[in-house]
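Try each task before you read its solution.

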Amino acid sequence: MAVADIAYDEPVADTRSFARWIPRLVVWAAIAALVLGWPLALADFHSQRWSHAVVLTIAALSLNVLIGYAGQISLGHQGFLGVGAFVSAYVVAVLGQPFFMGVVAGIVTGAVASLLMGVVALRVRGLYLALVTLAYGRMAQETLFNLRIFGSGAGVEAPRPSFLASDRAFYYFTLVMLALVLYVNWRFVRSKAGRAVSAIRENEQVAASYGIPVARYKLLAFVLSGAFVGLAGALFAFRNSRIDSQGLSFQLALFIVLLTVVGGLRSPAGIIVFAVFFDLLPIYISDEFGIKWSFWLLAVGPALLVVTLVLYPGGVGQQIKPLTSWLRGGPLRAHHEEFVQEGVSGRP
């Protein structure tokens, strides 16, 4: 090919590439307008509802690290969330420390609590680990969160700083925290540690035979998951300006499991979409038709879980994969081969 041909063809290729991105940029702009611009046009209490969905999304992404990446089952995730919530509120309200110190304390204590559970996970697995986490969550709700330093059941105040006093400002702060979690999650998956955790999930014996330190990377997954859910707990407390044990029951753990599994294991985009849908839609439908939230959790949630296990093992993430792939510059087509067959049609 002549030099002149190269000089002529390159601008055409650039023009086509830019034109290919125009519809994608339009969709990205629409999503940004919905997430960032729409709350400005709504009353302040809507932002409080939306921030609740963001907090639960972070909790679901935390559980995704355990179940999706590490293959470890947890049915007591509300216990770790509660640890982060109570400690962050205690640090700010009782010890008089700054707001961000409280958030950091929630992250650290969540990671430490999860690390301790990780030590247990080195001994038990599968159904037995699920039962241990279930018992931990119940124990935390009934005893740990009712300690004298946490108000003996009355709860702890969780005051926000002045710059986050409005629900709208706090909603945008939760979005920043969600973006931080997504970035750390993205870096973890593509790191050597993330690949090692994935190998352990597939087969611990084979991973060990390749020299992967199974115990170390298992504990790392628990620590990362605990840090995420500790952050979610801190945001959970400051969103309500108070935390007590009443809102940290097994129902919350079940809700987080549904968000993670139906949203799609190892699919942050699917988890975000389903968390927003499943947390916000019942609230607005209840405003119009009076349907109770428990109906969604106990009837609609299990139905969606069964449908996911049977028809879409990759969850919502599998269903929106063509769109998410297209938004990143790829072709608009299905990627069924990328989803591991789990649930009733695959491995347990």
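**Exercise 1. Find which residues form the nonpolar patch on the surface, and which helix gives the most to it.**

Step 1. Begin with the rule: a patch is made of residues with over 30% relative accessible area and no salt bridge, where like charges are joined within 9 Å and nonpolar side chains (Val, Leu, Ile, Met, Phe, Trp, Tyr) within 5 Å. A salt bridge is a side-chain nitrogen of Lys or Arg within 4 Å of a carboxyl oxygen of Asp or Glu. Accessible areas come from the Shrake-Rupley method with a 1.4 Å probe, and for residues only the protein chains shown count as cover.

Step 2. The patch consists of Leu127, Tyr128, Leu131, Leu134 and Phe250, with about 530 Å² of accessible area together.

Step 3. Helix H5 (residues 127-142) is the largest contributor, with 4 residues. Helices (H or I, at least four residues) and strands (E, at least two) are DSSP runs, numbered from the N terminus.

Step 4. Take Leu131, which lies in helix H5. Its relative accessible area of 46% makes Leu131 partly exposed, given that buried means under 20%, exposed over 50%, and partly exposed in between (1.4 Å probe, protein chains only).

A note on the model: it is predicted, so local features need pLDDT of at least 70 and side-chain atom pairs count only at pLDDT 80 or more, while totals for chains, interfaces and linings use all residues. Residues are numbered from 1 along each chain as its sequence is written, and side-chain values use heavy atoms, leaving out hydrogens and water.

**Exercise 2. Work out which residues of helix H7 are buried and what they pack against.**

Step 1. In H7 (residues 192-202), the buried residues are Ala193, Gly194, Ala196, Val197, Ile200 and Arg201.

Step 2. Why are they on the same side of H7? Because they cover an arc of only 160° around the axis, the arc being that of the directions from the helix axis to the C-beta atoms.

Step 3. Lys192 and Arg195 are exposed, on the face of H7 turned away from its buried side.

Step 4. The buried residues pack against helices H2 (44-70), H6 (167-189), H8 (204-209) and H9 (214-240); contact means heavy atoms within 4.5 Å.

**Exercise 3. Check the span of helix H4 (residues 99-121).**

Step 1. The expected span of a helix is 1.5 Å times one less than its number of residues.

Step 2. For the 23 residues of H4 this gives 33 Å, and the end C-alpha atoms are 33 Å apart, so the two agree.

Step 3. Among the buried residues of H4 are Phe99, Val103 and Met117. Their cover includes helix H3 (77-93), H5, H6 and H9.

**Exercise 4. How many salt bridges are there, and how exposed are the partners?**

Step 1. The count comes to 5 salt bridges.

Step 2. Arg242 pairs with Glu157, their closest N and O atoms being 2.3 Å apart. This pair links distant parts of the chain, with Arg242 in strand S2 (residues 242-243) and Glu157 in strand S1 (residues 156-157), 85 residues apart. Arg242 is partly exposed at 31% relative accessible area, and Glu157 is partly exposed at 44%.

Step 3. Glu204 forms a salt bridge with Lys218 at 2.7 Å between the closest N and O atoms. Glu204 lies in helix H8 and Lys218 in helix H9, 14 residues apart. Glu204 counts as buried at 17% relative accessibility, and Lys218 is buried at 5%.
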